[in-house]
Amino acid sequence: KELFQTIITEEEIKQEVVKTLAADKPVEMPVIGNEKIKIGSANTASAVNQYLTDSISDAYSFNNNTLGSTGNLFAAQNSSLGDIKPKLDELQNKLYSLSVPKDAVALHKSLILAYSAYSDLLVSAQKYAPEDYSKNDAIWPQVYKNYIIANTAANNYSTELNKLAGKYQIAYVTVTDYYADSGSQAGPKNIFIPEAKAFLGLTWSFTIGDIPRIVMDSVKEGLQAAFLQF
């Protein structure tokens with residue numbers, strides 16, 4: 001350790017990382033116009049609850065159907081990219097097609113932005129050249145930019161969700177997990193769930209505090225894989 005620190009200091013390493021990621025340049029958050037969102041006429045507790053059920057069910061299902069395969073996005077042998085992209089496209093189309101109560105528009109935009117950044121991360125992963133690191137110089141600033149956008153969007157999502165939950169006294173949301181292969185409904189694919197319950201296809205309830213985690217798990221895993229490779 002002492003020998004290494006005489007060759008290159010910690011400050012020099014930090015400067016090189018900042019330079020490589022272009023982390024000293026401001027990242028502008030994308031803006032989604034209201035015209036791209038289907039704002040519903042109903043802005044009631046019932047409409048908000050229905051929106052949360054629909055949007056979180058879609059995101060939760062996507063996470064369950066991709067989690068585990070997103071951990072090697074930047075690996076030398078990565079066969080999962082081709083499977084993830086269509087599922088992500090399907091999720092984004094579903095999110096844009098949802099009817100969104102006026103009070104949930106800011107929340108919905110944050111959710112869309114997080115997955116848009118994740119979609120851009122997949123594009124970077126497709127360009128990654130594991131056989132020649134020098135070819136990846138243009139990729140890392142894009143990865144960092146996507147990280148900032150996704151992280152900011154996730155934080156905004158949590159803030160807006162808490163506001164919505166406080167206004168409408170929502171303590172939990174009932175979520176349905178959809179199998180990617182058949183579209184049938186089922187609970188989380190967990191070997192510790194009794195077979196009878198899994199067979200019945202019961203819905204699942206998550207507290208408001210758990211929701212940001214379950215909708216962002218796949219995004220977090222993909223970003224972590226990118227920075228570990230960096």
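This is a conversation about how to read a few features of the predicted model above.

Reader: What should I know before I start?

Author: The model is predicted, so local features need pLDDT of at least 70 and side-chain atom pairs count only at pLDDT 80 or more, while totals for chains, interfaces and linings use all residues. Residues are numbered from 1 along each chain as its sequence is written, and side-chain values use heavy atoms, with hydrogens and water left out.

Reader: How many helices and strands does the protein chain have?

Author: Helices (H or I, at least four residues) and strands (E, at least two) are DSSP runs, numbered from the N terminus. Here the protein chain has 8 helices and 6 strands. Starting at the N terminus, the order is α-α-β-α-α-β-α-α-β-β-β-α-β-α.

Reader: And how much of the chain counts as buried?

Author: Buried means under 20% relative accessible area, exposed means over 50%, and partly exposed is in between (1.4 Å probe, protein chains only). In this protein chain of 230 residues, 42% count as buried.

Reader: What does a contact tell me about the chain?

Author: Contact means heavy atoms within 4.5 Å. Take the contacts between residues at least 6 apart in sequence: 82% of them join residues at least 24 apart.

Reader: Can we look at some single residues? Which residues does Ser218 touch?

Author: Ser218 sits in helix H8 and counts as buried because its relative accessible area is 0%. Setting aside neighbours within four places in sequence, Ser218 is in contact with Phe62, Asn63, Thr66, Leu67, Thr70 and Tyr118.

Reader: Is Ser119 buried or exposed?

Author: Ser119, in helix H5, is buried, since its relative accessible area is 11%. Not counting residues up to four places away in sequence, Ser119 touches Lys85, Leu88 and Gln92.

Reader: What about Asp83, then?

Author: Asp83 belongs to helix H4. With a relative accessible area of 48%, Asp83 is partly exposed.

Reader: Now aromatic rings. How do I describe a pair?

Author: A pair of aromatic rings is described by the distance of the centres and the angle of the planes. Rings of Phe, Tyr and Trp (its six-membered ring) pair if their centres lie within 6.5 Å; planes under 30 degrees apart count as stacked, over 60 as edge-to-face and the rest as tilted. Searching the whole structure gives 9 aromatic pairs. One of them is Phe74 with Trp140, a stacked pair at 5.9 Å centre to centre with 25 degrees between the planes.

Reader: Where in the chain do Phe74 and Trp140 lie?

Author: Phe74 is in the loop between helix H3 (45–66) and helix H4 (81–97), and Trp140 is in helix H6 (residues 139–168), so this pair links distant parts of the chain, 66 residues apart. Both Phe74 and Trp140 are buried.

Reader: What other ring pairs with Trp140?

Author: Tyr128 does: Tyr128 and Trp140 are edge-to-face, 6.0 Å centre to centre, with 65 degrees between the planes. Tyr128 lies in the loop between helix H5 (105–127) and H6, 12 residues from Trp140. Tyr128 counts as buried because its relative accessibility is 9%, and for Trp140 the value is 8%. Ring pairs join Phe74, Tyr128, Trp140 and Phe230 into a cluster.

Reader: How do H6 and helix H8 cross?

Author: Axes are lines fitted to C-alpha atoms, for helices over the stretch in contact, and angles run from 0 to 180 degrees between N-to-C directions. The axes of H6 and helix H8 (residues 211–229) come within 11 Å and cross at roughly 165 degrees. That makes the two helices roughly antiparallel (angles over 145 degrees).

Reader: Which residues make the contact?

Author: Among them are Trp140, Tyr144 and Ala150 of H6 and Ile211, Val215 and Phe227 of H8. The residues of this contact divide into 16 nonpolar, 3 polar and no charged. Ala, Val, Leu, Ile, Met, Phe, Trp, Tyr, Cys and Pro count as nonpolar, Asp, Glu, Lys and Arg as charged, and the others, Gly among them, as polar.

Reader: And what is there to see in phi?

Author: Most residues other than glycine have a negative phi, and most peptide bonds are trans. Gln169, in the loop between H6 and strand S3 (172–175), has a positive phi, near 55 degrees. At 69% relative accessibility, Gln169 counts as exposed.

Technical notes
Angles under 35 degrees count as roughly parallel, over 145 as roughly antiparallel, 65 to 115 as roughly perpendicular and the rest as oblique.
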